[in-house]
Amino acid sequence: MVEHLQRYGVISSMKVAEVMETIDRALFVPDGASAYADSPMAIGYNATISAPHMHATCLQLLEQNLQPGMHALDVGSGTGYLTACFAIMVGPQGRAVGVEHIPELVASSIKNIEKSAAAPLLKEGSLSVHAGDGRQGWPECAPYDAIHVGAAAPEIPQALLDQLKPGGRMVIPVGNMFQDLKVVDKNMDGSISIRSETSVRYVPLTSRDAQLRGY
């Protein structure tokens, strides 16, 4: 999978390739699913796990903000795959936090992580996954050097901007019918710079009830 993404130019960073080889995607997809196919897949509760090329893209966009000792937040952490990747990158001195509003997905993601190379970080407490409304972030471990949002917001939630550290970066899909992956940088003076990276298609960032109803 990683070689395929490197060959097609999706992964150019050795660090990202290394992390995606360390965290086995097969541990984070439903049983019987083709874990290494480059496509998103349903994980229940009207949620999905992104395609590997999207995970690779987001990891590369955030790489400088996922250095050892930094703090990272994964909103809509789903099966826990990207949260585990973040934890490996920021290491035991850092902090990786996943927030997911479906408690059953939180429970299963913790089991997935326990089987993965990120298990020691979960045990030591530098990696954690919580049930909560990701639109509110997770203030307890803020501010964050890196924030990733795994569902499309109609607009960028203010709570997440507030929890982004000066010098930090957030990657978030924004839009309803038509969505763009936005790269949001908080400058050292607190001002915000936003650019569009690419067009994307994500499930909506919404309330738990709306998601369970099928939006």
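## A proline in a loop

Is Pro154 buried or exposed? Pro154 counts as exposed, because its relative accessibility is 53%, where exposed means over 50% relative accessible area, buried under 20% and partly exposed in between, with a 1.4 Å probe and protein chains only. This is a predicted model, in which local features need pLDDT of at least 70 and side-chain atom pairs count only at pLDDT 80 or more, whereas totals for chains, interfaces and linings use all residues. Residues are numbered from 1 along each chain as its sequence is written, and side-chain values use heavy atoms, with hydrogens and water left out.

Pro154 sits in the loop between β6 (144-149) and α7 (158-163); helices (H or I, at least four residues) and strands (E, at least two) are DSSP runs, numbered from the N terminus. Leaving aside neighbours within four places in sequence, Pro154 is in contact (heavy atoms within 4.5 Å) with Val174, Gly175, Asn176 and Leu205. Between the C-alpha atoms of Pro154 and Val174, which are 20 residues apart along the chain, the separation is 5.6 Å.

## Helix α2 and its cap

In helix α2 (residues 14-22), the buried residues are Val16, Ala17, Val19 and Met20. They lie on the same side of α2, because they cover an arc of only 165° around the axis, the arc being that of the directions from the helix axis to the C-beta atoms. The exposed residues Met14 and Glu21 are carried by the face of α2 turned away from its buried side, while the cover over the buried residues of α2 includes α1 (2-7), α3 and α4.

The N-terminal end of α2 is capped by Ser13, a side-chain oxygen of which lies 3.2 Å from the backbone nitrogen of Lys15. A polar contact is a pair of N or O atoms within 3.5 Å; within protein, one must be able to donate a hydrogen and the other to accept it, and residues adjacent in sequence count only if both atoms are side-chain atoms.

## Thr57 in helix α3

Thr57 belongs to helix α3 (residues 52-62) and counts as buried, at 18% relative accessibility. Its side chain reaches the backbone oxygen of His53 at 2.7 Å. Not counting residues up to four places away in sequence, Thr57 touches Val10 and Leu181.

## Helix α5

The 12 residues of helix α5 (residues 103-114) should span 16 Å at 1.5 Å a residue, and the end C-alpha atoms are 17 Å apart, which agrees; the expected span is 1.5 Å times one less than the number of residues. Leu105, Val106, Ser109, Asn112 and Ile113 are buried in α5. Because they cover an arc of only 120° around the axis, they are on the same side of α5. Among the elements that cover the buried residues of α5 are β1 (41-44), β4 (95-100) and α6 (119-124).

## Backbone geometry in loops

Tyr45 is in the loop between β1 and β2, and Asn46 is found in the loop between β1 and β2 as well. Phi of Tyr45 is near 60°, a positive value in a residue other than glycine, and phi of Asn46 is also near 60°. Tyr45 is partly exposed, with a relative accessible area of 35%, and Asn46 counts as partly exposed at 38% relative accessibility. In the loop between β5 and β6 lies Pro143, and the peptide bond from Ala142 to Pro143 is cis, with omega near 0°.
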